[in-house]
Amino acid sequence: MHPYRMQQLLKARGKDQVVNVGQRASLYRTIDRLCKAGLIAVHEVSREGARPERTAYSLTPQGRATWREWMLDALATPTKEYPAFPAAIAFIPMLPPQEVLRQLERRHDLLGAELAGIDAELSADGVPRLFMLEMELLRATTGAELAWVASVIEDLRAGVIAWSEDQLRALATATATQADGRDPAEQHGTLSPAGE
């Protein structure tokens, strides 16, 4: 099929929840790369009336073999992915606690809305579970993240998770001293809060 039809079909089937097809330009770039790699090929070029030409694509034998290999590997092998959220969490001491709390409260609200949307899709009548498995996984991961964010928010509000510049400086000094046994006054390049 042609790229526009691919995009519309993915959206109509709810696959845009797990495959990023929001930008048609990126879909066209992907199709171009797949063509250059010999994984798909032009099936036909057609035109309806005064509309622009539409190029339809199909899998090549090499593309089908590559797809199958990728599918089997993706199903069996957990991989490390590096989303932005865990990276941001690693650096929250660089921001004031109240600012972190406000941002996590926003995230909590957005995750709650996302979860409600997923639940609505999952409750659709007549769709066999086979075609909803990715939504079930998305619901499980979104629900787990929502619960975790709620627990961090609770601990931030209660002061169980707290930090100040002075505490962070003392911790950095103690950690640097333990790491190499040198006098803290000799330490250089120690990471400090708020970008200092």
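User: Which residues lie nearest the centre of the largest pocket?
Analyst: This is a predicted model. L10, V19, W67, W70 and M71 lie nearest the centre of the largest pocket. Its lining has 30 residues.

User: Which elements give two or more residues to that lining?
Analyst: They are α1 (3–12), α2 (24–36), β2 (54–59) and α3 (61–76). The largest share comes from α3, with eight residues.

User: What volume does the largest pocket have?
Analyst: About 1,600 Å³.

User: And how do its lining residues divide?
Analyst: Into 20 nonpolar, seven polar and three charged.

User: OK, how much space lies in the second largest pocket?
Analyst: About 370 Å³. It is lined by 13 residues, and P83, F85, P86, R107 and E145 are the closest to its centre.

User: Which element gives the most to that lining?
Analyst: α6 does, with five residues. α4 (84–90), α5 and α6 each supply at least two. By class, the lining of the second largest pocket has eight nonpolar, two polar and three charged residues.

User: Switching topic. At what angle do α5 and α6 pack?
Analyst: About 155 degrees. Helix α5 covers residues 97–122 and helix α6 covers residues 133–158. Their axes are 9 Å apart.

User: Why are they called roughly antiparallel?
Analyst: Because angles over 145 degrees count as roughly antiparallel, and α5 and α6 pack at about 155 degrees.

User: Is the crossing left-handed or right-handed?
Analyst: The crossing of α5 and α6 is left-handed. The residues of their contact divide into 15 nonpolar, four polar and nine charged.

Terms used:
Residues numbered from 1 in each chain as written. Predicted model: local features only at pLDDT ≥ 70, side-chain atom pairs only at ≥ 80, totals over all residues. Heavy atoms only, no water. Axes fitted to C-alpha atoms, helices over the stretch in contact; angles between N-to-C directions. Helix = DSSP H or I, 4+ residues; strand = E, 2+ residues; numbered from the N terminus. Parallel < 35°, antiparallel > 145°, perpendicular 65-115°, else oblique. Left-handed = near helix turned anticlockwise from the far one by under 90°. Nonpolar A, V, L, I, M, F, W, Y, C, P; charged D, E, K, R; others polar. 1 Å grid on protein atoms, 1.4 Å probe; cavity = no way out; pocket = protein on both sides within 12 Å on 5 of 7 lines; lining within 4 Å. Points joined across faces, edges and corners; volume = space filled by probe spheres on them.
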